[in-house]
Amino acid sequence: DRVGHFLAALVNECRERDVTLIFSSETPVAFGPEVSFPLRGLSMVAENILYLRSVELRARMRRFLCVLKMRNSGYDPALRELFIGERGMELGQVLEEGEQLLTGLARIPPNRGL
């Protein structure tokens, strides 16, 4: 219960000093429909939340990135493919070929075929 209060105090103190904080958290389950955030209260104090997920689609492992929350600003809600290669991280096009990507159990809609 104290974690939420601690995070709020830490974020407020850092905000006063113009310090940007970056929290990262790994989900305990890599595949499956369950999404859980290990730190309770983080969403309440976070200005922005980005979500990175791996998914199997068309017999390939793919990564995507999406914005779950961006306070005081409009944002693109699309799921975009994320490439990690020799040039570092690159954000690709919108992943429009699959459905249910956030669940980790992606499927191709019937009208798009294989």
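Me: Leaving aside neighbours within four places in sequence, which residues is Leu 57 in contact with?

Reply: In this predicted model, Leu 57 is in contact with Arg 62, Glu 97, Gly 98, Leu 101, Ala 106 and Ile 108. These count as contacts because heavy atoms lie within 4.5 Å.

Me: What makes up the largest nonpolar core?

Reply: That core has 9 residues in all: Tyr 51, Val 55, Leu 57, Phe 64, Cys 66, Leu 79, Leu 95, Leu 101 and Ile 108. Two or more residues come from each of S1 and S2, and S1 gives the largest share, 3 residues.

Me: Why is Met 70 called partly exposed?

Reply: Its relative accessibility is 28%. Buried requires a value under 20% and exposed a value over 50%; Met 70 therefore counts as partly exposed.

Me: Where is Met 70 placed, and which residues is Met 70 in contact with beyond four places in sequence?

Reply: Met 70 is in strand S2. The C-alpha atoms of Met 70 and Asn 48 are separated by 4.4 Å, although the two are 22 residues apart along the chain.

Me: What makes S1 and S4 edge strands?

Reply: The open sheet has 4 strands in the order S1-S2-S3-S4, with antiparallel pairing. Strand S1 (48-57) and strand S4 (88-94) each pair on one side only.

Key
Residues numbered from 1 in each chain as written. Predicted model: local features only at pLDDT ≥ 70, side-chain atom pairs only at ≥ 80, totals over all residues. Heavy atoms only, no water. Pairing = 2+ DSSP bridges. Core = buried A, V, L, I, M, F, W, Y, C linked by side-chain atoms within 4.5 Å. Buried < 20%, exposed > 50% of the residue type's maximum accessible area, 1.4 Å probe, protein only.
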